[in-house]
Amino acid sequence: MKKAAIIGGTGYGAIELIRLIQMHEYIHLEKIISHSQHKKQLYSFYPHLTNFIDDPMEELEIDSLKEEVDIIFFATPAGVTKKLIPKLIDSSVQCIDLSGDLRISSREQYEHWYKGEAAPQVALDLAVYGMPELYKEQIKGARVISNPGCFPTSAILGLYPALEQKIIQPNPIIIDGKTGVSGAGRTPSAMTHFSETNDNLKAYKIGKHQHIPEIDQYLSTAVNEQVSSVFTTHLIPMTRGLVCTMYGQLTEGITTEGVVSLYKNYYESAPFVRIRPEGEFPVTKDVYGSNFCDIGFYADKRTNQLIIVSAIDNLVKGAAGQAIQNANIMNGWEEGHGLNSIPMYP
Ligand SMILES: NC(=O)C1=CN([C@@H]2O[C@H](COP(=O)(O)OP(=O)(O)OC[C@H]3O[C@@H](n4cnc5c(N)ncnc54)[C@H](OP(=O)(O)O)[C@@H]3O)[C@@H](O)[C@H]2O)C=CC1
Ligand SMILES: CC(=O)N[C@@H](CCC(=O)OP(=O)(O)O)C(=O)O
C-alpha cells in the first residue's frame, strides 16, 4: 500500500482523483492539501463526498509532505509545480503533475505559450510524458510524470499511428477539438458562465492554445520532422467529454478497413484504447466517467483525407484516470487497476 497526497484539493482534477483512489486497493489517500481552504472539510464544498473524506484539508508543507507520503498528485494550475518540484528533486517521492508545467521540453516554447518562466531544466530532464500507450517503458522507471493535457491525449492517440506508419502526410494536420465546460476547472469565468455556454458553441484560444506546442512536440517525434498542426478548440454546453475530429492527407490508397486494422494492431496491448469498426464513430457518452479513448476512422477517397474521430472524458483519460494509470505502471501494479469500470450511460 502506498500513501498519497493530492495538492489542489478543491479543484475538479482533485475531486476526480479522490473518486478513483477510493476504488484503488494499493493507494491510500493520506492527505488532501488545499491552498485556499486548508483546515476546512472537503465535504463542505462537495457534499457528495460526505462519509468518504472526513479529515480536514491541510496547508502545504512540502518538506514534511515528501517524508510522509510516497506519491504526490499535483492537481494545480500551471505555474505551481514548477516552483515546488525543485524541492523534491532529491527525494524519493513519486510526483505526478496534472498541469502543463513539465510537458514542453523547450523552455523557450513553454515561456512563449504559457507566458511565464519555465520549470528548471533539471525538473524537465527528470519528467517522463505520461502517455502509457506510447511511453510505457519510460514510465516504468520514472519518478516524475508529466501527465498529458486533455486535448493532447485525444489528438496524439488519434494521430500518432497514422503519422508514424506514414499513411498520412505530417503537414498539414487539422485538429478540430470540442470540450465540455469542466475542462476549464472549478473557478467560474465569463467564458464558462451558464448563460454564455448554454445553448451556445464557441471557438476559443484560436492560434493561442497552450496545447499546440504539446501536440506538435509529440507528433513530431512520430515522423522525425516538425509537425505544425492547425488546432482549434470549441466549448460545448455539456459538463464532461471531449472530441477531436482530425484530418490528414492520405499518402497511399489505404481503405478505412485497412486503417482500422493498422490501429487495432498498434494498440493491441493498450487496454484503454478502443478502435471502432468501419462505419462507426465514438460519441462522448461512450467514454463518460471512464478511462477509455475511443477512436473511429474514415478514409475519404473523394478528398484523399483520413478523418479520425477520438473521444475521451477530459477528467478521466484526460486527467485523473491517466494519472492513476501512470501510478499503476510506475509501481508495477496492473495498468488498469481501479480504472476498469464501465462508462456511465446514458
Ligand atoms: N479539468 C480538466 O478537464 C483538466 C485539467 N487539467 C489540469 O489539471 C490541473 C487541475 O485542473 P482542475 O482541477 O480542473 O482546475 P481547478 O481550477 O478546478 O482546480 C485547481 C485547484 O488548484 C488550487 N490552486 C489554485 N491556485 C493555486 C495556487 N496559486 N497555488 C496552489 N494551489 C492553487 C485550487 O485548490 P485549493 O485552493 O483547494 O488548493 C484550485 O481549486 C490544471 O493544471 C489543469 O490545467 C488537465 C487535464 C484536464
Ligand atoms: C474548457 C477549457 O477551458 N478547457 C481547457 C483545458 C485545459 C486543461 O484541461 O488543462 P491543461 O492546460 O493543464 O492541459 C483549455 O482548453 O484550456
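**Close-up 1. Contacts of C150 in the predicted model.** C150 touches T179, G183, L242, I312, N314, G318 and A319, leaving aside residues up to four places away in sequence, where contact means that C-beta atoms placed from the backbone lie within 7 Å. C150 is located in helix α7 (residues 150–164), helices being DSSP runs of H or I with at least four residues and strands runs of E with at least two, numbered from the N terminus. Because 27 other C-beta atoms lie within 10 Å, C150 is buried; the cut-offs on this count are 20 or more for buried, 12 or fewer for exposed, and partly exposed in between. An unreviewed UniProt entry places the feature "active site" at C150, and such annotations may be inferred rather than shown by experiment. This is a predicted model, in which local features need pLDDT of at least 70 and side-chain atom pairs count only at pLDDT 80 or more, whereas totals for chains, interfaces and linings use all residues. Residues are numbered from 1 along each chain as its sequence is written, with chains lettered from A and ligands numbered from 1 in the order in which they are written.

**Close-up 2. The shell around ligand 1.** Ligand 1 is surrounded by 29 residues, the closest being G8, G11, G13, S99 and G185, with a C-beta cut-off of within 6 Å. The elements giving two or more residues are α1 (12–21) and α11 (316–330), and α1 gives the most, with 3 residues.

**Close-up 3. The surroundings of P77.** P77 lies in the loop between β3 (71–74) and α3 (81–84), and counts as partly exposed, with 17 C-beta neighbours inside 10 Å.

Key
Contact = placed C-beta atoms within 7 Å.
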